[in-house]
Amino acid sequence: RFMDLKEVVLKNICYTDLVYQRINKKLGISLSKTDIESLIYRTILDNYVTISKIGKNFYIKNPNNHIQVTVNSNTYRVITVDKIKGINYD
């Protein structure tokens with residue numbers, strides 16, 4: 001069942017123009033739209049990812065990338081990406 005959810009998210013995931021800017025700002029990076037989509041795809045595809053549904057959103061945590069992707073569970077639109085707190089980035 002978990003793998004099915006991951007596949008559904010990957011198949012349906014979509015982006016708004018504003019979310020690319022938000023992701024670059026929040027992660028302190030400067031990636032193209034294609035690079036951001038690739039980063040998120042690889043993040044979700046990872047074997048160690050956890051997906052939890054809280055309210056109307058999926059929270060997809062990847063401890064290897066140290067990021068969490070927030071996706072709307074109805075539209076599969078990426079809302080934001082955050083650094084996972086409590087992890088040292090040095």
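Asn72 is buried in this predicted model, with a relative accessible area of 13%. Asn72 has its place in strand E3. Setting aside residues up to four places away in sequence, what does Asn72 touch? The list is Lys56, Asn57, Arg77 and Ile79. As for Tyr59, 13 residues away along the chain, its C-alpha atom is separated from that of Asn72 by 8.9 Å.

One of the residues touching Asn72 is Asn57, and it deserves a look of its own. Asn57 is found in strand E2 and counts as buried, at 11% relative accessibility. Its side chain makes a polar contact of 3.4 Å with the side chain of Tyr59. Leaving aside neighbours within four places in sequence, Asn57 is in contact with Ser52, Thr70, Val71, Asn72, Ser73 and Ile79.

Now for the sheet that these strands build. Strands of a sheet pair through backbone hydrogen bonds, and the pairing can be parallel or antiparallel. Here, four strands form an open sheet in the order E1-E2-E3-E4, with antiparallel pairing. Why is one side of E1 and one side of E4 left without a neighbour in the sheet? Strand E1 (50–54) and strand E4 (78–83) stand at the edges, and each has a single partner strand, so one side of each has no neighbour there. From one strand to the next, the twist averages 20°.

Zooming in on one pairing, E1 and strand E2 (residues 57–62) run antiparallel and are joined by five bridges. Lys53, for instance, has Phe58 in E2 as its bridge partner. A helix joins the picture as well: H2 (residues 17–27) packs on the sheet, where it touches strand E3 (67–72) and E4. The direction of H2 makes about 5° with that of E4.

A search of the whole structure finds two aromatic pairs. One of them is formed by Tyr15 and Tyr20, which are stacked, at 5.5 Å centre to centre and with 20° between the planes. Are these two tyrosines buried or exposed? Tyr15 is buried, with a relative accessible area of 19%, and Tyr20 also counts as buried, at 9% relative accessibility. The cut-off for "buried" is under 20%, so the 19% of Tyr15 still qualifies.

Definitions and conventions:
Residues are numbered from 1 along each chain as its sequence is written. This is a predicted model: local features need pLDDT of at least 70, side-chain atom pairs count only at pLDDT 80 or more; totals for chains, interfaces and linings use all residues. Side-chain values use heavy atoms; hydrogens and water are left out. Two strands pair if DSSP finds at least two bridges between them. Helices (H or I, at least four residues) and strands (E, at least two) are DSSP runs, numbered from the N terminus. Axes are lines fitted to C-alpha atoms, for helices over the stretch in contact, and angles run from 0 to 180 degrees between N-to-C directions. Contact means heavy atoms within 4.5 Å. Buried means under 20% relative accessible area, exposed over 50%, partly exposed in between (1.4 Å probe, protein chains only). A polar contact is a pair of N or O atoms within 3.5 Å; within protein, one must be able to donate a hydrogen and the other to accept it, and residues adjacent in sequence count only if both atoms are side-chain atoms. Rings of Phe, Tyr and Trp (its six-membered ring) pair if their centres lie within 6.5 Å; planes under 30 degrees apart count as stacked, over 60 as edge-to-face and the rest as tilted.
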